[in-house]
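Here is a short note for someone opening this model for the first time. Please read the points in order.

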Amino acid sequence: MPYTPSTYLPYDFANRRHIGPSPEEMVEMLEVLGLTTLEELIDETAPASIRQAEALDFGAPKSEREMLWFMRQIAKKNKPFTTLIGQGYHGTVTPPAIQRNILENPAWYTAYTPYQPEISQGRLEALLNFQTMVSDLTGLEIANASLLDESTACAEAVTMAQRVAKSKAKAVFVDENCHPQNIAVVRTRAEPLGIEVIVGDPFEDLEPEKVFAALFQYPGTYGHIRDFTAPIAALHEAQALGIVVADPMALVVLKEPGAMGADIAVGSTQRFGVPMGYGGPHAAYMACRDLYKRAMPGRIVGVSVDSRGNKAYRLSLQTREQHIRREKATSNVCTAQALLAVIASFYAVFHGPKGLRAIAQRIHRKAVRTARGLEEAGFKVEPAEFFDTFTVDVGPMQGVIYKAALAERINLRKIGTTKLGISLDETTRPASIEGLWRAFGIDRKDTGGDGQYRLPDGMVRTSDFLTHPVFHMNRAETEMMRYMRRLADRDLALDRAMIPLGSCTMKLNAAVEMMPITWPEFANIHPLAPADQVEGYAKMLTDLSEKLCQITGYDAMSMQPNSGAQGEYAGLLTIRAYHKAQGQGHRNICLIPTSAHGTNPASAHMVGMKVVAVKSAENGDIDLDDFRAKAEKAGENLAACMITYPSTHGVFEETVREVCAITHEFGGQVYLDGANLNALVGLVKPGEIGADVSHLNLHKTFAIPHGGGGPGMGPIGVKAHLAPHLPGDPAQGESGAVSGARYGSGSILPISYAYILLMGGAGLTQATKVAILNANYIAKRLEGAYDVLFTGQNGRIAHECILDTRHFVDTAGVTVDDIAKRLIDCGFHAPTMSWPVAGTLMIEPTESETKAELDRFIAAMLGIREEIRQIAEGKIDKGNNPLKKAPHTVEDLVADWDRPYSREQGCFPPGAFRVDKYWPPVGRVDNAFGDRNLVCTCPPVEDMAAAAE
Ligand SMILES: *Cc1c(COP(=O)(O)O)cnc(C)c1O
């Protein structure tokens, strides 16, 4: 049948939202490739030996309205009760200005991690505000720009402490008053590393010389406010470290960890305006003493200067990529919680220190009033002094009162068989307090407070915090709105241009998919809410898991890991547990190709495996001989291999089945990194080609936005034999828990679910094919100008490709950095730089980009190639040229122009819009300066004033 747009695809109309090129454009693009149908391209690209036999079928795709109606029916099955459970999750109010201008604003949520500082100044400033806020509240000098959740932050703090403590003890002490999920995740992390976990009472059981660190919860999970100054001093005597897990809202009114001598503080900023969301996402924080800053995991925003000496932000210590350096990895954190950290920081900017104090004091007074009502009715409340949380021993009445509270639509925490836990928050209304009293059989009106406090003497905060002017802005919403807009305007996100980052899959995050996540039935649910209040979540989790299993060919899914790297870690733990159960616990070698993402070896280290690197062959594929030799050598110690498919070189390797077979032959398990699933969905199932477990980056393939560096979700799929070893429930203290909440960042799963419902099986498959078409179209159009480093047997690439730019250094003195910065002038975010091959660019357009946008990018790349040619031919100066001086700012334009090329050429290269030109707010950022002069909190006022002008 001839190929015409009208016969092209029946479901075409429904999926026009996600698929960039129109049918007519696809015809033109295929022509460039010398083909007539998309099928031909796919047949040339993905080897027949790996293709799935049957098409994906999820029934008819839903329209936007159908999907929203369907999601409403699911949402209605969730019941957002008043939740006083506490245990690390609290009701909070997201100021509407923040919800609308940040959470629901694609300028913020579609941005990528700020690796290119010149196009990221807005979110870098917001994250610096976050670090300043954390540093102030905890009383410690250095803070990072977020971690995944409080429990993983506890685990990171423990391993960080082991690295820096002088004590050589092999155990860590964990306060029995830590939230159960924190203890569970620390146990998971400690076990493979041979760290003993001693749980006990810090004032009775802590023997400092036996541990390298101790972890204390503040306030404790049952509400106790304890001063850890003495135990920390004793730890220091023994060369060990003190870690405090602190609730930032409590720190507003309570003595800060720094004042107790703590070395590290971690915690969750959830209650700073981020809904509970059934467990996540929220930003965890980590702060430490200046002494330990170079051991800190996660990203740290710092202050540096640009080419004109003006202040500019960027990620500091980037060259060592902090913690995920292959052989010396200490942590695998990659995607973190940038968007949620931005929201929390704006919550602090929005309320300022006075507002925060008012909120914290109100929460405390409500708790005091509630407790007094109970006490006056004869109930005994414990502890006597608390911030927002206390327990009541009700003996045999536990069940009755718990149920009576449910009848008032209030959730309490059951503790043991006789106690109930109560935790009040910013959202608690007098009606809820009265309802709670009724559940206890008390008829009483909440008439407001008489201002009573029950904070322990000597524990009230005396130091200032949030003194920086950014936290003292005029609080009119006009001013706040404009500040958020100003920062957003400094950044280049998907709402302005294609972000062709290889391996990152920056596809459309459709507006309609984002809508359900702010519905209260998804947002305002505690992760420990009773099962009959979360039937909607349960239904969605089941159906989404089934669909993901169908897509991947796996038998079971765990939704717990809240990033890709966490998925790797969870998957390797699953493999490890499986080997143990088979009596093969000695298996500890993991084969990983040198081209693997840095998180792969980092995750392997975290589960105590030894990494053996496997070489790449000349054509970029895994060197099969080397692979077999290394597998053979590992022999009965082979635990696993970690491969990426299609490979990080952007090619469908023909030998993937063989790699899996060799691994199995020697008793190992195959971990297939699913970051490139956007090239597989509907075409190839990892579970069918020999893999045993994979993570899926829902924030890549399945439309969850990157949020400027998080959130993400990295669920893992496994074959049946691994299913019994998937992560356990953290709140129940089950083994293998990797996140604080059972379903990770549950509240963003509706995005991926909506995406699948809208696309249907055929639409998803079409998206994969078009992703491959878009990549091949770019590669073809750039042929002759740039060399594509690796291709498959028919000269085709998968959904991404690597351009070799290394020789330009010799011919023109042009580095890959220069090209990346010049692309900013053209109005683009750079492709992935220097990974997986140093000095190269990796391009992944995704299916969402239209032909016009691809052509604009191609024009930009060809224009840059022409400039390189002119430099190489000596027509432009090697040091003073548009590439070396890129990016060009308005400041450059109006300053004295001392350059051998025109302003026009400098500022408006091919690709750049004239009217809608993107102007970077700073010139090229000096990374070395920033690392030499590390400043990781908001700089002094004078600089701020200068920057604002
Ligand atoms: C993105 C990516 C990861 C890590 O995922 P995060 O969600 O950032 O932790 C791992 N492997 C590959 C190949 C990736 O592209």
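How many nonpolar, polar and charged residues are in the lining of the largest cavity?

1. The lining has three nonpolar, twelve polar and four charged residues. Here Ala, Val, Leu, Ile, Met, Phe, Trp, Tyr, Cys and Pro count as nonpolar, Asp, Glu, Lys and Arg as charged, and the others, Gly among them, as polar.

2. This is a predicted model, where local features need pLDDT of at least 70, side-chain atom pairs count only at pLDDT 80 or more, and totals for chains, interfaces and linings use all residues. Residues are numbered from 1 along each chain as its sequence is written, and side-chain values use heavy atoms, with hydrogens and water left out.

3. The whole structure holds nine cavities of 30 Å³ or more. The largest has about 210 Å³ of space. It is lined by 19 residues, and Gly-88, His-90, His-179, Asp-247 and Arg-271 are the closest to its centre. A cavity is a set of points on a 1 Å grid over the protein atoms alone where a 1.4 Å probe fits but cannot get out; lining residues have an atom within 4 Å of a point. Volume is the space filled by probe spheres set on the points, which are joined across faces, edges and corners.

4. Now the ligand. An oxygen atom of the ligand is 2.6 Å from a side-chain N or O atom of Thr-335. Another entry in the list is Gly-564, with a polar backbone atom 2.7 Å from a ligand oxygen. For Asn-697, a side-chain N or O atom is 3.1 Å from an oxygen of the ligand.

5. By class, the shell around the ligand has three nonpolar, eight polar and three charged residues.

Definitions and conventions
A polar contact is a pair of N or O atoms within 3.5 Å; within protein, one must be able to donate a hydrogen and the other to accept it, and residues adjacent in sequence count only if both atoms are side-chain atoms. On a 1 Å grid over the protein atoms alone, a cavity is a set of points where a 1.4 Å probe fits but cannot get out, and a pocket is an open set with protein on both sides within 12 Å along at least five of seven lines; lining residues have an atom within 4 Å of a point.
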